[in-house]
Amino acid sequence: MLHFRNILRASLLSAALTITAAPLAAHEFKAGSLEIDHPWTRATPTGAKTAAGYMTITNHGTAPDRLVGGSADGVETVEVHQMSVENDLMKMRKLDDGVEIKPGETVEFKPSSYHLMMMGLKSGFKQGAMIKGALAFEKAGKVPVEFEVQAIGATGAEAHGHHKH
Ligand SMILES: [Cu+2]
C-alpha cells in the first residue's frame with residue numbers, strides 16, 4: 001500500500017512539473033555557456049523613477065563569469081544590487097564587482113535578493129509589455145534580453161497564462 005502511494009505521488013509530482021516548466025522555456029536567452037531564464041520586471045506606479053529586473057542565470061560552462069550590469073530601453077542606468085537583512089532591516093546595496101556565476105551554478109535574481117536596479121525611468125512599465133535590454137557580463141559581454149513586465153505586485157516569475165495566487 002505504501003509502495004502504491006509513493007508511485008501515485010511521484011506521478012502527480014511529475015505531472016505538476018510538466019505543467020509549470022513548459023511555458024517558461026519560451027522566454028530564455030543564451031550566450032555561449034550562459035543561459036538566462038525569464039527576465040522580468042514589474043509594472044510601475046505613475047511617476048515611478050526606478051524598477052527592478054529579475055531573472056535566473058545558469059552557467060553551463062567550465063569557467064566562471066560575472067554579471068556586472070545591463071541596460072534597458074527607457075532606463076538611464078542599470079546597476080547590480082543586493083537586498084539583504086541586516087539587524088532585522090532590509091538593506092539594499094550596489095555590488096560594484098557584480099555577481100559571480102560559477103561553473104555549474106544557477107543564480108536567481110529575485111525580490112529580496114539579487115536584482116538589477118533600473119534607475120531614471122523615462123516612462124512607466126505597463127503590464128504585459130516586453131522591455132528590450134541587455135545584460136552585461138565580464139566575459140560574455142553584452143547579451144540582449146527582453147524583460148517581461150508582470151503585475152505591479154508580482155513577487156516571482158510567473159509562467160505565461162498562469163493563475164496568480
Ligand atoms: Cu536595488
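Mentor: Let's start with a definition: a residue counts as buried if 20 or more other C-beta atoms lie within 10 Å of its own, and as exposed if 12 or fewer do. Keep in mind that this is a predicted model.

Trainee: Is Ser112 buried or exposed, then?

Mentor: Ser112 has 12 C-beta neighbours inside 10 Å, so Ser112 counts as exposed. You will find Ser112 in the loop between strand E8 (106-109) and E9.

Trainee: What should I notice about the phi of Ser112?

Mentor: First the general idea: most residues other than glycine have a negative phi. Now the case here: the phi of Ser112 is near 70°, a positive value in a residue other than glycine.

Trainee: How many bridges join E5 to E6?

Mentor: Six bridges link E5 to strand E6 (residues 89-94), and these two also run antiparallel. Here you can look for Val85, which stands opposite Met90 in E6.

Trainee: How do side chains point along a strand?

Mentor: In general, side chains in a regular strand alternate between the two faces of the sheet.

Trainee: What lies between E5 and E6?

Mentor: E5 and E6 form a hairpin with two residues between them. Asn87 sits in the loop there, and its phi is near 50°, a positive value in a residue other than glycine.

Trainee: Is Asn87 buried or exposed?

Mentor: Asn87 is exposed, because 5 other C-beta atoms lie within 10 Å, and the limit for exposed is 12 or fewer.

Trainee: How many helices and strands does the protein have?

Mentor: The protein has one helix and eleven strands. Reading from the N terminus, the order is α-β-β-β-β-β-β-β-β-β-β-β. Of its 165 residues, 24% are buried. Among contacts with a separation of 6 or more, 66% are between residues 24 or more positions apart.

Trainee: What is the mean pLDDT of the protein?

Mentor: The mean pLDDT is 86, and 79% of the residues reach 70 or more. Over residues 15-25 the pLDDT is below 50, and this stretch has seven contacts in the model beyond near neighbours in sequence. Residues 160-165 also stay under 50, with five contacts beyond four places in sequence.

Definitions and conventions: Residues are numbered from 1 along each chain as its sequence is written. This is a predicted model: local features need pLDDT of at least 70, side-chain atom pairs count only at pLDDT 80 or more; totals for chains, interfaces and linings use all residues. Two strands pair if DSSP finds at least two bridges between them. Helices (H or I, at least four residues) and strands (E, at least two) are DSSP runs, numbered from the N terminus. Two residues are in contact if their C-beta atoms, placed from the backbone, lie within 7 Å. pLDDT is the predictor's confidence in each residue, from 0 to 100.
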